[in-house]
Each structure stands twice: as C-alpha cells, then as structure tokens.
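Hello,

Here is the structure I said I would pass on. My notes follow below it.

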Amino acid sequence: MNKQLTCIIVDDEPPAIRLLEKYVNQISFLELKGTYTKPLEALQYIEKGGIDLIFLDIQMPEITGIQLSKIIHQKTNIIFTTAYPQFALESYEVTATDYLLKPIEFQRFYKAVLKVQEKETNSPIKTYKEEEFFFFKTDGKNKFSKVFLEDILYVEGLKNYVSIYLQNERIITYSTLKNIKENLPASKFIQTHKSYIISIKHIDKIDNDSVWIQKKELPIGNTYKKLFFETINNNKL
C-alpha cells in the first residue's frame, strides 16, 4: 500500500493553484492540506510540521519561493513550480526534489511526485522492467512478433500503421502511435514529434531540434520540445 503523503500548494496565482489541486486529487497517495497565495502565511503552517511535500512557486510577492525554502526549519520535500526556466539551477542548489516548468503537464507532475514517494518509502518505484515485452501483430491473421522493450530504438507513426525500429530489424504493425505510446513506460520512452516516439536509453546525441539514435537523425517538434528537454535534464543525459 502506498504511503499517504501530505502536501500544500503555495502560489500567488489562483489558476495555477486550481490546476495543481486537480492533479493532486487524481493521485491516491497525496493528501492536500491547504493552498496559500501568501508565502509567509504558508510558512507559519509549514513550521507546525506534518507536511511531506510543498508545491512551491518561485516568483511571488513578499519573498520568492527559493528564499522561503531556505528559511523553512521543518524537513520537507519541495517541488518548485514556475514559468521561468532561468531559476532551474538555483532551485537545485537548495536541494529541491524537482523543478516543474509551467504550464505543467500531468505526466511530468506525476513523475515528480513519484520521486518524493520513492524517497519517503526508501524503496525504488518500479515503473519499468527490462524483461517486459509485447507481441505485435505483423503479416497474416495469426502472425505475431515478440518485441522486448529494451530492444526498441524508436517508433514511427505511418497513418494507421507504425514502424518499430529495433537493433537489427524493423517491424510494421497495424496500430496508431497514440496506442503504442499508451502502452510504453513513460520513464523510458518519450514522444519527440507527432510521428516519433524514442527510447531515452538509446539516444546518442541531442541538439535543439534533433536527436540521433544509431546515426539516424529524428526531429524534435515544437509541441514536444518543452517536456522532452525537462525529461532529459531530469535524467542528466
């Protein structure tokens, strides 16, 4: 059974609070204890103890979230939330668990929360197994190919078909990229373009607009760029 984690939200923008409240309410092991638009009021509550996690905005009146984190005496986890990527380095200097860039997507939010849960329970959250595999239907009614997730380099969407590129072969199956994405572990695979999902493990090189996997250059679409680079920074590649 998951350990229940108590949390609060500190942000001077009500719409941002409402979004985080919505996300928290979707996660069974999170218990929201309160929301605050004024950081000094939040500090008084935090100092009473009993809070496992703070979702903390950085740019706020009175004091910044980073300044607030430095004067909190109680031991608690902090996930910074901000619209300003330039604060990322400073946030890690105050030992934040994670740094979420607005607008925050649920997938990225959930990944950050899992880090806290893993830290609090002292047991790794198993989201991926090396031995996981799927059977993909190929030619004919009863022809299937067994594919280990470890061997997938990237997946390319082709209308109602997808091409699955492995180390030494390519498999074509009748499906959609959306369906494939829903069945791949988000901790190991990420969509970089409307037509591509890639294995993070197999990335050889990255620049602002492309990734390379075994000398194959694949595009990074503008829609997917923000989440992609957040994930890469998080994995310290």
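Which backbone nitrogen lies 3.1 Å from a polar atom of the side chain of T176? That of N179; a polar contact here is a pair of N or O atoms within 3.5 Å, where within protein one must be able to donate a hydrogen and the other to accept it, and residues adjacent in sequence count only if both atoms are side-chain atoms.

On provenance: this is a predicted model, in which local features need pLDDT of at least 70, side-chain atom pairs count only at pLDDT 80 or more, and totals for chains, interfaces and linings use all residues. Residues are numbered from 1 along each chain as its sequence is written, and side-chain values use heavy atoms, with hydrogens and water left out.

T176 is in the loop between β10 (170-174) and α6 (177-183). Its relative accessibility is 36%, so T176 is partly exposed (buried is under 20% relative accessible area, exposed over 50%, partly exposed in between; 1.4 Å probe, protein chains only).

Aromatic pairs number 10 (ring centres within 6.5 Å, using the six-membered ring of Trp; planes under 30 degrees apart are stacked, over 60 edge-to-face, the rest tilted). Y36 and Y45 are tilted, because their planes are at 35°, with centres 5.9 Å apart. Y36 is buried at 16%, and Y45 is partly exposed at 24%. F228 and F229 are edge-to-face, at 5.1 Å and 80°; F228 is buried at 0%. Y23, F55, F106, F109 and Y110 form one aromatic cluster.

Regards

Note on methods:
Helices (H or I, at least four residues) and strands (E, at least two) are DSSP runs, numbered from the N terminus.
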